[in-house]
Amino acid sequence: MSHHYIKFDHVSYSYPNGLKALDDVSFLITHGEKVGLVGANGAGKSTLILHTNGLLMPQKGSVVIGDVPITKSTLPIIRRTVGLVFQNPDDQLFMPTVEEDVAFGPVNMKLPEEEVKRRVSESLKAMGAYDLMTRPVYELSGGQKRSVAIAGVLAMEPDVLVLDEPSSNLDPHARRLMIDRVAGFKHTCIIATHDMAMVKELCTRTIVLSRGHVLADGKTEDIFADRNLLDRAGLE
């Protein structure tokens, strides 16, 4: 199999307060698939997303990226492979300027200075944020922070791209740039979102979560046409 595949095998996870966020979740995503992950608030989307690069570890079951199971010892490999864009960009941005923030990943990959500069420039241009390069991060709007956070992950050129609510707070132009950039990403991609129009445009496959369970997993067009299913999942 390709090293770009993602496999969840009977994954369960509960928070300390007893909330069961994932309950026996299994699926396989193969190389090049763009998969939408949808569900009402509290369905388990963000919890699932955090399992894709080891920020959370399964209490039962396993997560495998390519041929590498996610364990504490494999986290350095996993985090070079999986590019994760958080739901809240403030959880991701921490360097003084935009340029330093987007460069952080490539610099820590020990890339040559010219390659770091190329990646920073190209990823910011792709997100329509090149003019923000010298700006302090704390001065940015919510939408600008999201664009920069996505650029920072793109600059690492990951094998797997995982996005949690990537269109949130983006204006129409920035949203279009983001969608076009994700459409051009040739490897595996998971998009957790309430933006059903974006899922319809980008994803041929959709996984529906409800109360930690996989309620449905199939062709996006079939799932979106199933009114009863969408109602059960609390979606429109």
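Predicted model: local features only at pLDDT ≥ 70, side-chain atom pairs only at ≥ 80, totals over all residues.
**Exercise 1.** Among contacts in the chain between residues at least 6 apart in sequence, what percentage join residues at least 24 apart?

*Solution.* Contact requires heavy atoms within 4.5 Å. Of the contacts between residues at least 6 apart in sequence, 63% join residues at least 24 apart. Residues are numbered from 1 along each chain as its sequence is written, and side-chain values use heavy atoms, with hydrogens and water left out.

**Exercise 2.** Determine whether the radius of gyration agrees with that of a compact globule.

*Solution.* The radius is taken over C-alpha atoms, and the globule rule is 2.2 Å times the number of residues to the power 0.38. For 236 residues, a compact globule would have a radius of gyration near 18 Å. The chain has 17 Å, which agrees. Its C-alpha trace spans about 50 × 40 × 35 Å along the principal axes.

**Exercise 3.** Describe the surroundings of L209.

*Solution.* First, the location: L209 is found in strand β9 (residues 205-210), where strands are DSSP runs of E, at least two residues, numbered from the N terminus. Next, the accessibility: L209 counts as buried because its relative accessibility is 0%, buried meaning under 20% relative accessible area with a 1.4 Å probe, protein chains only. Finally, the partners: leaving aside neighbours within four places in sequence, L209 is in contact with residues including L37, V38, L48 and V214. By comparison, the C-alpha atoms of L209 and P76 are separated by 29 Å.

Technical notes:
Helix = DSSP H or I, 4+ residues; strand = E, 2+ residues; numbered from the N terminus. Buried < 20%, exposed > 50% of the residue type's maximum accessible area, 1.4 Å probe, protein only.
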